[in-house]
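Open the structure in your viewer and keep the sequence beside it. The tour below goes from one selection to the next and says what is there.

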Amino acid sequence: MQKKELNKLKISIHIPFYENKNLNFKNRNLKKICKNYLSLSKNSKIFIHSNCRKRSFNSRVKFIYHKLENQHPFELTWLPRDLMKKQLNDYDIFIYGEDDVLFTKKNF
């Protein structure tokens, strides 16, 4: 795929992000991971599904709070599916990412 073509694609990226106070290193990596995803296309948008309320650090990154009361943390990985179904006609490409995996244009 040509670089010009890639930059025009509308890409929806969903990342589950379970915040655990004992794992502070994840917060630092999340911004770097998002920066790489956003570089794929000017039309990329990231949806971070999380158990904590956070403010976005970029206008193309949206945090979505999920209350996980009485649920195992692994349940968070299933929660992006409903929003992805609703977005089906709005985006060209969907990426389900992880909060600890660096994804680049080269990987794409």
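How many aromatic pairs does the structure hold? There are five aromatic pairs in this model, which is predicted rather than determined by experiment.

**Stop 1: an aromatic pair.** Select Tyr 37 and Phe 103. Their rings form a stacked pair, with 5.4 Å from centre to centre and 15° between the planes. The pair links distant parts of the chain: Tyr 37 belongs to helix α2 (residues 25-38), while Phe 103 is in the segment after β4, 66 residues apart. Tyr 37 has a relative accessible area of 2%, so it is buried. Phe 103 has a relative accessibility of 18% and also counts as buried, because the cut-off for buried is under 20%.

**Stop 2: a further ring.** Is Phe 108 buried or partly exposed? Phe 108 counts as partly exposed, at 37% relative accessibility. Show the three residues together: Tyr 37, Phe 103 and Phe 108 make up one aromatic cluster.

**Stop 3: the sheet.** Switch to a cartoon view and find the strands. Four of them form an open sheet with parallel pairing, in the order β3-β2-β1-β4. At the edges are β3 (61-65) and β4 (93-96), each of which pairs on one side only. From one strand to the next, the twist averages 20°. Next, look at β1 beside β2 (residues 43-50): the two strands run parallel and are joined by eight bridges. Select Pro 16 to find its bridge partner in β2, which is His 49.

**Stop 4: a residue in β1.** Select Ser 12, which lies in strand β1 (residues 10-17). Its relative accessible area is 0%, so Ser 12 is buried. Which side chain does the side chain of Ser 12 meet in a polar contact? The partner is the side chain of Gln 87, at 2.7 Å. Beyond its neighbours within four places in sequence, Ser 12 has contacts that include Lys 45, Phe 47, Tyr 91 and Ile 93.

**Stop 5: charges over rings.** Select Lys 10 and Tyr 91. The charged end of Lys 10 sits over the Tyr 91 ring, 5.5 Å from the ring's centre. Finish with Arg 53 and Tyr 65. Here Arg 53 lies over the face of Tyr 65, and the distance to the ring centre is 3.9 Å.

Note on methods:
Residues are numbered from 1 along each chain as its sequence is written. This is a predicted model: local features need pLDDT of at least 70, side-chain atom pairs count only at pLDDT 80 or more; totals for chains, interfaces and linings use all residues. Side-chain values use heavy atoms; hydrogens and water are left out. Helices (H or I, at least four residues) and strands (E, at least two) are DSSP runs, numbered from the N terminus. Buried means under 20% relative accessible area, exposed over 50%, partly exposed in between (1.4 Å probe, protein chains only). A polar contact is a pair of N or O atoms within 3.5 Å; within protein, one must be able to donate a hydrogen and the other to accept it, and residues adjacent in sequence count only if both atoms are side-chain atoms. Contact means heavy atoms within 4.5 Å. Two strands pair if DSSP finds at least two bridges between them. Axes are lines fitted to C-alpha atoms, for helices over the stretch in contact, and angles run from 0 to 180 degrees between N-to-C directions. Rings of Phe, Tyr and Trp (its six-membered ring) pair if their centres lie within 6.5 Å; planes under 30 degrees apart count as stacked, over 60 as edge-to-face and the rest as tilted. A charge sits over a ring if NZ of Lys or CZ of Arg is within 6 Å of the ring centre and within 35 degrees of the ring normal.
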